[in-house]
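Good morning, and thank you for coming. I would ask you to look at the model on the screen while I speak.

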Amino acid sequence: MFEIGLHHYLLVSILLMSAGVGTILTKRNAIGILIGVELILNAAGVNLVAFNNFSWSGGAHGSSGVLGGPVIDGVVFTMFVIVLAAAEAAIALAIFLNFYNNHSSIDVTKADELKG
Amino acid sequence: MLFYAFALVTVVSAWAIVVSQNIVRMAVYLLLTLGGAAGLYFMLHAELLAAIQLIVYAGGTLILIVFGVMLTSKNPFIRTEASSTEIATGVMVAIALAALMLLAVLNSPLETGAGVEQGYHQIRDVGHGLLSTYLVPFEIAAVLLLVVMIGAAYMARRRTD
């Protein structure tokens, strides 16, 4: 409890992820759902970087990264997660703009033309 | 101690997004969440990633979301809220998911390493890695960003008809 360990960061990641899922499930605004998706991606990022940090040991696994240094796989993965999140937010907002131009509302319950 | 500050800011802002009904307030709480996550990255010896998170995520994606809020709100005081049963069900599912994941994490043996030496700067390794070990994802991400830029600009263009 006094030494910040891996479990503390995993607890933060778990709480972020469940907040993201709760946002997706309870929002009717499409941009609110996009914010929930961003929360889930952040939770995954915190998870990855926490595992990367706590896997640095003096043993064999510790020094097999780039240039013989520690492993940085989690950090680079999270970097690409951030890039993909930005790209996905741009496309999602373009779709939302088109939806708003056609329906004059950003409410997701108005998107029911394909309903059977 | 600093960990508890950043973690508290991150988690409380994230759950404030769930509770809030106003879309602009949700964007502000997301900004606080992203800032708290960047602080956590600083504590995990990932300085370059924390800077990238602040510049790209909080300073790019969040601004994009705020632009989206501006362009899709006819009435500035509009409040679209779900019914209370939907909100209760959603929050219960989120809490159940959190409990399930917490159970999984606490019951699994996770062994941690000894940490990294002081004065380690990660930016050199990341820079070398992006051009040697992680070259293929780097190039693919570049092509993907080009495609996304063209696609989003085309989809969101002003229709003159």
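This is a predicted model: local features need pLDDT of at least 70, side-chain atom pairs count only at pLDDT 80 or more; totals for chains, interfaces and linings use all residues.

Let us begin with chain A. It contains three helices and zero strands, and the pattern along its sequence reads α-α-α. Chain A has 116 residues, of which 49% count as buried. If we consider the contacts in chain A with a separation of 6 or more, 51% of them join residues 24 or more positions apart.

Now to the interface. How many residues of chain A are in contact with chain B? There are 66, and they meet 71 residues of chain B. Helix H1 (6-26), helix H2 (30-54) and helix H3 (73-103) of chain A each supply at least two residues of the side that touches chain B. The largest share of that side, 20 residues, comes from H3(A). Sorted by class, the side of chain A that touches chain B has 42 nonpolar, 21 polar and three charged residues.

Next, I turn to two helices of chain B. Helix H1 (residues 2-19) and helix H2 (residues 23-43) of chain B pack with their axes 8 Å apart, at an angle of about 155 degrees. How are these two helices oriented to each other? Angles over 145 degrees count as roughly antiparallel, and H1(B) and H2(B) are therefore roughly antiparallel to each other. Their crossing is left-handed. Among the residues that H1(B) brings to this contact are Phe3(B), Phe6(B) and Ile17(B); H2(B) brings residues including Tyr29(B), Leu40(B) and Met43(B). The residues of the contact of H1(B) with H2(B) divide into 15 nonpolar, five polar and no charged.

My last topic is the largest nonpolar core, which has 65 residues. Which residues have the most contacts inside this core? They are Leu16(A), Ala19(A), Ile31(A), Val46(A) and Val49(A) from chain A, with Ile17(B) and Tyr41(B) from chain B. The elements that give two or more residues to the core are H1, H2 and H3 of chain A, together with H1, H2, helix H3 (47-71) and helix H4 (84-106) of chain B. The largest share of the core, twelve residues, comes from H2(A).

To close, let me set two points side by side. Thank you for your attention.

Definitions and conventions: Residues are numbered from 1 along each chain as its sequence is written. Chains are lettered from A and ligands numbered from 1 in the order in which they are written. Helices (H or I, at least four residues) and strands (E, at least two) are DSSP runs, numbered from the N terminus. A residue is buried if 20 or more other C-beta atoms lie within 10 Å of its own, exposed if 12 or fewer, and partly exposed in between; C-beta atoms are placed from the backbone. Two residues are in contact if their C-beta atoms, placed from the backbone, lie within 7 Å. Ala, Val, Leu, Ile, Met, Phe, Trp, Tyr, Cys and Pro count as nonpolar, Asp, Glu, Lys and Arg as charged, and the others, Gly among them, as polar. Axes are lines fitted to C-alpha atoms, for helices over the stretch in contact, and angles run from 0 to 180 degrees between N-to-C directions. Angles under 35 degrees count as roughly parallel, over 145 as roughly antiparallel, 65 to 115 as roughly perpendicular and the rest as oblique. A crossing is left-handed if the near helix is turned anticlockwise from the far one by less than a right angle, and right-handed if clockwise. A nonpolar core is a set of buried Ala, Val, Leu, Ile, Met, Phe, Trp, Tyr and Cys residues joined through C-beta atoms within 7 Å.
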